[in-house]
Structures are given as C-alpha cells and as structure tokens.
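Subject: Handover of a structure and its findings

Dear colleague,

I am handing over to you the structure shown below.

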Amino acid sequence: ACVVGVQKTMGMLHSILATLRGLSSGRVSGSQLGGPITILRTTYRVTDYGLGMMLFWLGFISLNLAVLNVLPIPFLAGGHVFFLMMEAIKGSPADRRILEWAHYTGLFLILALLVYVTKNDVVNLIGDLFGR
C-alpha cells in the first residue's frame with residue numbers, strides 16, 4: 001500500500017507540474033482552472049464512489065495546495081524561502097520596503113487568482129444550470 005501510495009502521489013505531482021507548465025506556456029487554458037465551488041461540487045460527486053476515492057481526492061487537493069504553497073510567490077512559504085536564500089547569498093536581509101512590496105504583490109496575485117477561479121466556477125455553474 002505504501003509503494004502504491006508513493007507511486008500515485010508521484011503521478012499526481014507530475015500531473016500538477018505538467019499543468020503548471022502548460023499554463024505558463026499557454027498550452028493549457030486558464031478557463032480550465034477551478035476554485036472553491038468546483039472543489040465542493042467535485043467533492044460531492046466523489047463521495048458517491050466510496051471512502052477510498054474520497055481519500056484519493058482529498059490527497060489530490062492537499063498536494064495541489066502544497067505545490068502552490070512552495071512556489072516562489074511572496075506571501076506564501078515558497079516566497080519566504082526565496083527571500084531567506086537571497087539573504088544567505090547576500091549576507092544581509094532584504095530591505096524592509098522591498099519585502100513589504102513583495103508581500104503585497106504576492107497577496108494581490110493570490111487574491112487575483114482566487115477571483116479568477118471563482119469567476120470560472122460561477123460561469124461553469126451557470127452553464128451547467130442552463131444546459132450550456
């Protein structure tokens with residue numbers, strides 16, 4: 001079970017990273033991204049397939065959040081690690097104004113992503129309700 005779990009996790013991680021590469025290169029459309037509404041709707045649907053599938057889905061969501069969190073986006077853990085590495089290389093901490101600007105920018109990017117995926121969710125929900 002542990003071997004299969006690691007294999008499935010690595011497969012999911014590969015899929016997530018491929019999607020991120022596709023988004024950055026334009027091969028994957030941002031309209032395919034889902035937010036909180038999509039997560040809730042999919043969770044509801046997955047529960048019909050039993051506990052095993054539900055646990056798989058929860059692991060997939062958790063892995064997605066982990067990958068997002070380690071990206072070098074200020075305001076997230078990956079951004080903090082980035083600035084700590086820069087501090088180690090430079091030998092002194094970054095200027096406080098730069099850190100503040102970076103964190104506000106990172107917060108804006110995360111909030112913009114949340115608004116974008118929620119807009120996608122609402123458009124898809126309306127489409128599903130009215131039979132696209």
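Predicted model: local features only at pLDDT ≥ 70, side-chain atom pairs only at ≥ 80, totals over all residues.

Phe75 sits in the loop between H3 and helix H4 (77–90). Its backbone is worth a look: phi of Phe75 is near 95°, a positive value in a residue other than glycine.

Helix packing

Two packed helices are described by the angle between their axes and the distance between the axes.

Helix H1 covers residues 2–25 and helix H3 covers residues 51–70; the two pack at an angle of about 50°, with their axes 10 Å apart. On the H1 side the contact is made by Lys8, Thr9, Met12, Leu13, Ile16, Leu17 and Leu20. H3 contributes Phe56, Gly59, Phe60, Leu63, Asn64 and Val67 to this contact. Sorted by class, the contact of H1 with H3 holds 9 nonpolar, 3 polar and 1 charged residues.

H3 also packs with H2. The axes of H2 and H3 come within 9 Å and cross at roughly 160°. As angles over 145 degrees count as roughly antiparallel, H2 and H3 are therefore roughly antiparallel to each other. H2 passes H3 in a right-handed crossing. Here H2 supplies Ile39, Thr42, Thr43 and Val46, while H3 supplies Met53, Met54, Trp57 and Ile61. The contact of H2 with H3 has 6 nonpolar and 2 polar residues, and no charged residues.

H2 has a further partner in H5. H2 and H5 pack at an angle of about 50°, and their axes are 7 Å apart. That angle makes H2 oblique to H5. The residues of H2 in this contact are Pro36, Ile37, Thr38 and Arg41. From H5 come Leu114, Val117, Thr118, Asp121, Val122, Asn124, Leu125 and Asp128. By class, the contact of H2 with H5 has 6 nonpolar, 3 polar and 3 charged residues.

Salt bridges

Side chains of opposite charge can pair when their charged atoms come close. How many salt bridges does a search of the whole structure find? The search finds 3 salt bridges, and each is described below.

Asp128 and Arg41, both named above in the contact of H2 with H5, form a salt bridge in which the closest N and O atoms are 2.7 Å apart. Asp128 lies in helix H5 (residues 96–129) and Arg41 in helix H2 (residues 36–46), so this pair ties together parts that are 87 residues apart in sequence. Asp128 is partly exposed, with a relative accessible area of 39%. Arg41 also counts as partly exposed, at 23% relative accessibility.

Arg96 and Glu100 meet through their side chains in a salt bridge, at 2.9 Å from N to O. Because they are 4 residues apart in helix H5, about one helical turn separates Arg96 and Glu100. Arg96 is exposed, with a relative accessible area of 62%, whereas Glu100 is partly exposed at 35%.

The side chains of Asp95 and Arg97 form a salt bridge as well, with an N to O distance of 3.1 Å. Asp95 is partly exposed, its relative accessible area being 33%. Arg97 is exposed, with a relative accessible area of 64%.

A further residue of H5

Leu111 also has its place in helix H5. At 46% relative accessibility, Leu111 counts as partly exposed. Leu111 and Ser24 are 87 residues apart in sequence, and their C-alpha atoms are 18 Å apart in space.

With kind regards

Conventions
Residues numbered from 1 in each chain as written. Heavy atoms only, no water. Axes fitted to C-alpha atoms, helices over the stretch in contact; angles between N-to-C directions. Contact = heavy atoms within 4.5 Å. Nonpolar A, V, L, I, M, F, W, Y, C, P; charged D, E, K, R; others polar. Salt bridge = Lys/Arg side-chain N within 4 Å of Asp/Glu carboxyl O. Buried < 20%, exposed > 50% of the residue type's maximum accessible area, 1.4 Å probe, protein only. Parallel < 35°, antiparallel > 145°, perpendicular 65-115°, else oblique. Left-handed = near helix turned anticlockwise from the far one by under 90°.
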